[in-house]
Amino acid sequence: MNESKILTRIRVNGELHAHWVEPRQHLVDYLRDEIGLKGTRVGCEHGVCGACTVMLDGEIARGCLILAVQADGHEVQTIEGVSDAGAISDLQQAFVARNAAQCGACTPGMLLTAHALLRHEPNAGRAEIREQISGNYCRCTGYHAIVDAIVLARDQRLQDGGAHE
């Protein structure tokens with residue numbers, strides 16, 4: 001153990017992880033380097049692009065703006081966690097159906113953002129969807145396909161009686 005490192009215990013996707021980390025290590029780097037979860041991406045490193053989006057205690061957060069030591073004792077969900085659990089399978093299918101995932105760089109952050117939005121606002125309209133995803137950069141689709149995909153998933157969920165997760 002290096003004396004400058006701090007022991008952190010973070011529950012990631014339901015599994016407790018304990019690692020000695022540098023005090024300045026960002027959560028996104030912790031997830032990628034310590035745990036090996038590569039779905040959370042490093043983009044701008046300023047919290048602007050949304051590539052590092054995770055869910056911290058059930059709320060959207062930017063992994064590049066949070067230090068791993070700040071997440072000590074908290075619950076983190078990554079794209080792998082919600083994907084493996086099947087929680088976003090309808091969103092993933094809608095992204096494919098609407099060609100909303102082209103290069104894929106923004107897709108994990110977009111999916112987590114859409115997932116959180118539809119959990120909190122199951123009837124979200126197109127304007128609200130656009131507003132919510134505006135913090136996630138996409139250079140390929142022009143956002144229209146992404147909004148269409150989220151609307152498709154929203155409509156399917158509403159048709160199914162809102163039962164999801």
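Let me start with helix α6, residues 144-159, which in this predicted model has 16 residues and reaches 22 Å from its first C-alpha to its last, close to the 22 Å expected at 1.5 Å a residue. Buried positions in α6 include Ala145, Ile146, Val147, Ala149, Ile150, Val151, Leu152 and Ala153, and with them Arg154 and Arg157. After α6 comes glycine 161, with a positive phi near 85 degrees.

Two of those partners, α3 and α4, also deserve a look as a pair. The axes of α3, residues 89-97, and α4, residues 107-120, come within 10 Å and cross at roughly 125 degrees, and the two helices are therefore oblique to each other. Their crossing is right-handed. On the α3 side the contact is made by Leu91, Gln92 and Phe95, which meet Thr107, Met110, Leu111, Ala114, His115 and Leu118 of α4. Sorted by class, that contact has six nonpolar and three polar residues, and no charged ones.

Now to the backbone in the loops. Most residues other than glycine have a negative phi, and with that in mind I would point to two positions. Glutamate 45, which is not a glycine, has a positive phi of about 65 degrees, and it is found in the loop between α1, residues 27-35, and β3, residues 53-56. Aspartate 57, likewise a residue other than glycine, has a positive phi near 50 degrees, and its place is in the loop between β3 and β4, the latter being residues 59-62. Aspartate 57 counts as partly exposed, because its relative accessibility is 43%.

Key
Residues numbered from 1 in each chain as written. Predicted model: local features only at pLDDT ≥ 70, side-chain atom pairs only at ≥ 80, totals over all residues. Heavy atoms only, no water. Axes fitted to C-alpha atoms, helices over the stretch in contact; angles between N-to-C directions. Helix = DSSP H or I, 4+ residues; strand = E, 2+ residues; numbered from the N terminus. Parallel < 35°, antiparallel > 145°, perpendicular 65-115°, else oblique. Left-handed = near helix turned anticlockwise from the far one by under 90°. Contact = heavy atoms within 4.5 Å. Nonpolar A, V, L, I, M, F, W, Y, C, P; charged D, E, K, R; others polar. Expected span 1.5 Å × (residues − 1). Buried < 20%, exposed > 50% of the residue type's maximum accessible area, 1.4 Å probe, protein only.
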